[in-house]
Amino acid sequence: MVTFINHNKKEANAKIRWSTSSIYHDNEWIHRSKEELVSNKENSKPRLGLDFVATRDIRPGEEVYIDYGDAWEQAWERHVQEWRSPLEAYISARDLNVENPPIIVKTIPEERLLGPYPKNVYLGCFYDFSTAKDEHSGEQTRQMFDDFVNASAISDLEVEVWDTLAYTWIETPRTYSIRQNLHECQVLVRDERKRNASTTSSAQHLYKVLVIHVNGNDERLVKLVPRESIVFLDRPYTSEEHLPNAFRHEIGIPDEIFPTSWND
């Protein structure tokens with residue numbers, strides 16, 4: 001919840017204080033000197049915690065604000081005045097994922113023909129590797145994928161062969177677990193037949209993909225993959241908060257809560 005508490009100096013309805021309830025806070029530490037805090041071996045496990053507490057009754061649906069401090073506010077105002085639009089167009093994975101109707105995912109041949117996705121994003125697929133026994137070796141899967149990527153044209157017969165060897169996508173109760181079953185993937189073929197022939201929605205497309213296990217120890221060709229199980233992901237350190245012109249500044253903690261013995 002803390003990440004949703006924004007700054008508003010005038011309308012702040014909460015504040016920061018030393019914790020009175022956290023199991024991670026030991027109030028005795030407040031009475032230690034700076035020298036004791038940095039020299040004691042206990043400090044390998046800090047025992048200071050903070051609470052965010054309301055300063056008045058907060059109505060249901062009302063936004064929670066604290067005062068980030070004058071230094072933060074001045075830095076923000078300076079950032080707003082000096083900010084300039086980046087020279088290169090930028091679109092995040094989040095922007096691509098909220099398109100409605102959903103974007104028709106490009107296959108590898110289409111990326112070669114129409115241009116790849118922005119270099120800061122890649123495709124991820126929700127797939128539960130435990131839904132089928134691994135009958136094909138990783139080397140065989142990789143060879144099939146490499147043949148596809150390097151071919152100038154793919155025959156219907158080859159597609160049928162891959163369809164025979166590919167695993168069928170199956171939804172399980174844990175399929176959409178981000179931690180366990182979200183893996184990098186590459187789209188090979190889009191099935192224009194769709195799950196529901198009566199609709200023109202791009203959300204109904206089915207895909208054949210190469211799924212690369214998040215741990216890097218398995219690869220599978222998977223067929224009948226629904227569009228909703230394919231998402232765009234930000235590459236590491238390319239999301240909006242890592243852009244060169246993004247705003248960064250620490251949130252201030254009120255000086256008055258610190259013991260006078262800690263002041264310089």
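Arginine 59 is exposed, with a relative accessible area of 55% (exposed means over 50%, buried under 20% and partly exposed in between, using a 1.4 Å probe and protein chains only). Its side chain meets that of glutamate 62 in a salt bridge, with N and O 3.8 Å apart; the term stands for a side-chain nitrogen of Lys or Arg within 4 Å of a carboxyl oxygen of Asp or Glu. This is a predicted model, in which local features need pLDDT of at least 70 and side-chain atom pairs count only at pLDDT 80 or more, while totals for chains, interfaces and linings use all residues. Residues are numbered from 1 along each chain as its sequence is written, and side-chain values use heavy atoms, leaving out hydrogens and water.

The protein contains seven helices and 10 strands, assigned as DSSP runs (H or I, at least four residues, for helices; E, at least two, for strands) and numbered from the N terminus. Of its 264 residues, 36% are buried. The accessible surface comes to about 17500 Å², and carbon and sulfur atoms account for 53% of it (Shrake-Rupley method with a 1.4 Å probe; for residues, only the protein chains shown count as cover). Among contacts between residues at least 6 apart in sequence, 75% join residues at least 24 apart, a contact being heavy atoms within 4.5 Å.

Salt bridges come next. A search of the whole structure finds nine of them. In one, aspartate 67 and lysine 9 meet through their side chains at 3.2 Å, N to O. Aspartate 67 lies in the loop between β4 (65-66) and α2, and lysine 9 in the loop between β1 (6-7) and β2 (14-18), so this pair ties together parts that are 58 residues apart in sequence. Aspartate 67 is partly exposed at 29% relative accessibility, and lysine 9 is partly exposed at 39%. Lys9, Asp67 and Asp70 are linked in a network of salt bridges. Elsewhere, glutamate 240 pairs with arginine 94, their closest N and O atoms being 2.5 Å apart. Because glutamate 240 sits in the segment after β10 (230-234) and arginine 94 in helix α3 (residues 93-97), the bridge ties together parts 146 residues apart in sequence.

Helix α2 shows how burial can favour one face. Its 13 residues reach 18 Å from first C-alpha to last, close to the 18 Å expected at 1.5 Å a residue (1.5 Å times one less than the number of residues). Trp72, Ala75 and His79 are buried in α2. They cover an arc of only 65° around the axis, which puts them on the same side of the helix; the arc is that of the directions from the helix axis to the C-beta atoms. The buried residues of α2 pack against β1. Histidine 79 itself has 19% relative accessibility and so counts as buried. Not counting residues up to four places away in sequence, histidine 79 touches Asn245, Ala246 and Phe247.

What lies inside? In soluble globular proteins, nonpolar side chains tend to be buried together. The largest nonpolar core here has 20 residues, of which Leu123, Val209 and Ile230 touch the most other members. Such a core is a set of buried Ala, Val, Leu, Ile, Met, Phe, Trp, Tyr and Cys residues joined through side-chain atoms within 4.5 Å. Apart from it lies another core, of seven residues, including Ile5, Ile16, Val64 and Ile66.
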